[in-house]
Amino acid sequence: MPDDTRHTGAMRQLIATWGLLLCLTAATVGISRIDLGAGNIWAALGIATGKAALVIFFFMHLKEEGRVIKISLLVALATLATFIGLTFFDVLYR
Amino acid sequence: MNTSAQHHDAEGARLGMWLFLLSELLLFGGLFVLFAVYLQRYPDQFIAGGKQLSLAFGAGNTALLLTSSLTVALALEALRRNRYRLCQWLLGSTIGAALWFLVNKGLEWHAKFEHDLYPGSVTLRQAPPGHDTFFGLYYLTTGLHGLHVIIGGVILAWVLCLVRQGRITGTSPTILENSALYWHLVDVIWIFIFPLYYLLL
């Protein structure tokens, strides 16, 4: 049954994603105990972004979605980035 | 797999769900911007505040939400294979994890209240400025997230009933698909809350 194998593969992939997410959680806790100065917050944000990407691509099946949903997500993230960027432009140079 | 008409309908429903989720992302994005701005203004108070949060509760709840995201994704996969018993069991586990998360959150908030750390408490009013801002944002952000966990749990319980009644099946999985998407978004938001609030050094 080719269809059944595909599904078993899909379940394995989901479980592997979960394992990776737990490892990254342990990594972010571990790194937070080491003093890296400003590096700590960037490492935390970097790992969080990686974890979010894993959830979005594999658990939420974004990789199988069409172009419309992918572009919508990009537009939302670009809006958020602009919003954050402009806020800091205001706050830092006030 | 499906007829063309059904296929387009399912895709439209998913697009609608994604657009809603993106608006949620911008809602929480606003709270993260506030966090970033005040972290830059009161770094020492924010770090002191973060140290008062329980790492065990934060990390435990992170593992719980990640696991519940896995079980709901597996539930959808089981539904697509027409394995309804497995699907129901996995949905039940997801709801159980949601409840466990809320119990942890309740215990955590209770401990903070015991230590007189809540908006407007005497300790926070006497603390240097920035300390109360940290806890205000903490309660606002985790409270709004907790509300999403409650809504997600209720929706998943409703989905479980529909699967039981045979109204969600392998050929009509849209409601479970969209509920799972909502649940994953709740997980994504927590993925950012955890390091920012609990792991500041």
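Trainee: Which element of chain A has the lowest mean pLDDT, and which the highest?
Mentor: This is a predicted model, and chain A averages a pLDDT of 90. In chain A, 93% of the residues score at least 70. Among the elements of chain A, the highest mean, 94, belongs to helix H2 (residues 39-59). The lowest, 88, belongs to helix H1 (residues 2-32).

Trainee: How many salt bridges does a search of the whole structure find?
Mentor: The search runs over all chains. One of the pairs is Arg14(B) with Glu177(B). The count is 6.

Trainee: How many residues apart in sequence are the parts that Arg14(B) and Glu177(B) tie together?
Mentor: Their side chains meet at 3.4 Å, N to O. Arg14(B) lies in helix H1 (residues 4-41) of chain B and Glu177(B) in helix H7 (residues 174-198) of chain B, so the bridge ties together parts separated in sequence by 163 residues.

Trainee: Is Glu177(B) buried or exposed?
Mentor: The cut-off for buried is under 20% relative accessible area. Arg14(B) is buried, at 16%. Glu177(B) has 10%, so Glu177(B) counts as buried.

Trainee: What separates Arg80(B) and Glu77(B) along their helix?
Mentor: The two side chains form a salt bridge at 3.9 Å, N to O. Both residues sit in helix H3 (residues 55-80) of chain B, 3 residues apart. The separation is therefore about one helical turn.

Trainee: Which helices does the salt bridge between Arg80(B) and Glu177(B) tie together?
Mentor: The N to O distance in this bridge is 3.1 Å. The pair links parts 97 residues apart in sequence, because Arg80(B) and Glu177(B) lie in two helices of chain B: H3 and H7.

Trainee: Which residues are linked in a network of salt bridges?
Mentor: Arg80(B) meets Glu77(B) in a salt bridge. Arg80(B) also meets Glu177(B), and Glu177(B) meets Arg14(B). With a chain A residue included, the network is Glu65(A), Arg14(B), Glu77(B), Arg80(B) and Glu177(B).

Trainee: Which residues does Asn104(B) touch, not counting those up to four places away in sequence?
Mentor: Asn104(B) lies in helix H4 (residues 84-114) of chain B. At 11% relative accessibility, this residue counts as buried. Its contacts are Phe57(B), Asn61(B) and Leu64(B).

Key:
Residues are numbered from 1 along each chain as its sequence is written. Chains are lettered from A and ligands numbered from 1 in the order in which they are written. This is a predicted model: local features need pLDDT of at least 70, side-chain atom pairs count only at pLDDT 80 or more; totals for chains, interfaces and linings use all residues. Side-chain values use heavy atoms; hydrogens and water are left out. pLDDT is the predictor's confidence in each residue, from 0 to 100. Helices (H or I, at least four residues) and strands (E, at least two) are DSSP runs, numbered from the N terminus. Buried means under 20% relative accessible area, exposed over 50%, partly exposed in between (1.4 Å probe, protein chains only). Contact means heavy atoms within 4.5 Å. A salt bridge is a side-chain nitrogen of Lys or Arg within 4 Å of a carboxyl oxygen of Asp or Glu.
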